Amino acid sequence: LKEHDTVQKAYQIALENTPAGGTLLNFYIWGSRLFGNADHLSDWDFLAVVSEYEQVPQNVLMVDDIDIAFYDVVHLQELIHLHVPWTIIFTNYPDVGVIIENHKFDFVLSWRKLKKAIGTNQDINIRQAKGFWRDENYRKAKKRVFVVLQMINWCLQMVDKGELYDVWEANYLFKVVVDISQDSWDQYKTVFEPIRQELNDKLGSHIKYFLDFESSLDTTDVAVIKFINERGLNALFTELSIDIKKKGNLVHLIST
């Protein structure tokens, strides 16, 4: 994928359009080409991280079938800090999509931020999907719904393992929610809403159990909180010895 002529062309375009005084720090393959869901209509999407860039809402440069989104490094770091779900990938970007990566982003998992961010992300994307459907752009609407499910999956990975370990894990849902035909938005909702609800219930239960557990700890247990944030819930039981009798809420955690 990295050696494709389009990738090399996009990289040169990004270099040529990096603002004066700025530096192209990171350059990534993005979108359906990276995630393996591209078809004959798909553009080539890329994301450029630059310094000294004045961030603007319309930050996508389009040249032929190449779309390059430019992000100022400070602005993108703030989005990561806020746990905007699609930015989670920059904590552990898959090598197949990395063209250059000279800047590493900081990330400390906050369960409260994650809970708020994934809720906001879903509201925005479902609203956009409904708008695309109303405009009869059905495939774009369905792909937006897939992004919603994909982002919940990414958040679940962060909660379970403390890292995003497989950006392709949710791809089995692509055919379920995209490669289908439905007559109306309400009919289509009967397909994706049960899936979304199941994923949300799983994510919500993990976050609730952790927050309940956190509230039961005293100040001497901050190391436990740090451990879970960095390594995920599963590691709590496989790698850390804790007195279950003293930490009653762990009984509920183990049952999940």
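These legends go with a set of close-up views of a predicted model.

**View 1. The whole chain, before we zoom in.**
This predicted protein has ten helices and five strands. Of its 256 residues, 46% count as buried. The protein exposes about 13,500 Å², with carbon and sulfur atoms supplying 51% of that area. If you look at contacts between residues at least 6 apart in sequence, 62% of them join residues at least 24 apart.

The average pLDDT for the protein is 86, and 83% of the residues score at least 70. Over residues 240-256, though, the pLDDT is below 50. That stretch still has 28 contacts in the model beyond its near neighbours in sequence.

As a reminder, strands of a sheet pair through backbone hydrogen bonds, either parallel or antiparallel.

**View 2. A closer look at strands 1 and 2.**
Strand 1 (residues 24-30) and strand 2 (residues 44-50) run antiparallel, and six bridges join them. To get your bearings, find Tyr-28: its bridge partner in strand 2 is Leu-47.

**View 3. Lys-104 reaches Glu-101.**
Side chains of opposite charge can pair when their charged atoms come close. In this view the side chains of Lys-104 and Glu-101 meet in a salt bridge, at 3.1 Å from N to O. How exposed is Lys-104? Its relative accessibility is 61%, so Lys-104 counts as exposed. Glu-101 comes in at 24%, so it counts as partly exposed.

**View 4. One helical turn: Arg-196 and Glu-193.**
The side chains of Arg-196 and Glu-193 form a salt bridge at 2.8 Å, N to O. Why are these two about one helical turn apart? Because they sit three residues apart in helix 7 (residues 185-216). Arg-196 has 15% relative accessibility, so this residue counts as buried, given that buried means under 20%.

**View 5. A salt-bridge network.**
Which residues are linked here? Asp-39, Arg-139, Lys-175 and Asp-179 form a network of salt bridges. Within it, the side chains of Asp-179 and Lys-175 meet at 3.7 Å, N to O. Lys-175 is exposed, with a relative accessible area of 59%, whereas Asp-179 is partly exposed at 40%. For the protein, the count comes to six salt bridges.

Terms used:
Residues are numbered from 1 along each chain as its sequence is written. This is a predicted model: local features need pLDDT of at least 70, side-chain atom pairs count only at pLDDT 80 or more; totals for chains, interfaces and linings use all residues. Side-chain values use heavy atoms; hydrogens and water are left out. A salt bridge is a side-chain nitrogen of Lys or Arg within 4 Å of a carboxyl oxygen of Asp or Glu. Buried means under 20% relative accessible area, exposed over 50%, partly exposed in between (1.4 Å probe, protein chains only). Helices (H or I, at least four residues) and strands (E, at least two) are DSSP runs, numbered from the N terminus. pLDDT is the predictor's confidence in each residue, from 0 to 100. Contact means heavy atoms within 4.5 Å. Two strands pair if DSSP finds at least two bridges between them. Accessible areas come from the Shrake-Rupley method with a 1.4 Å probe; for residues, only the protein chains shown count as cover.
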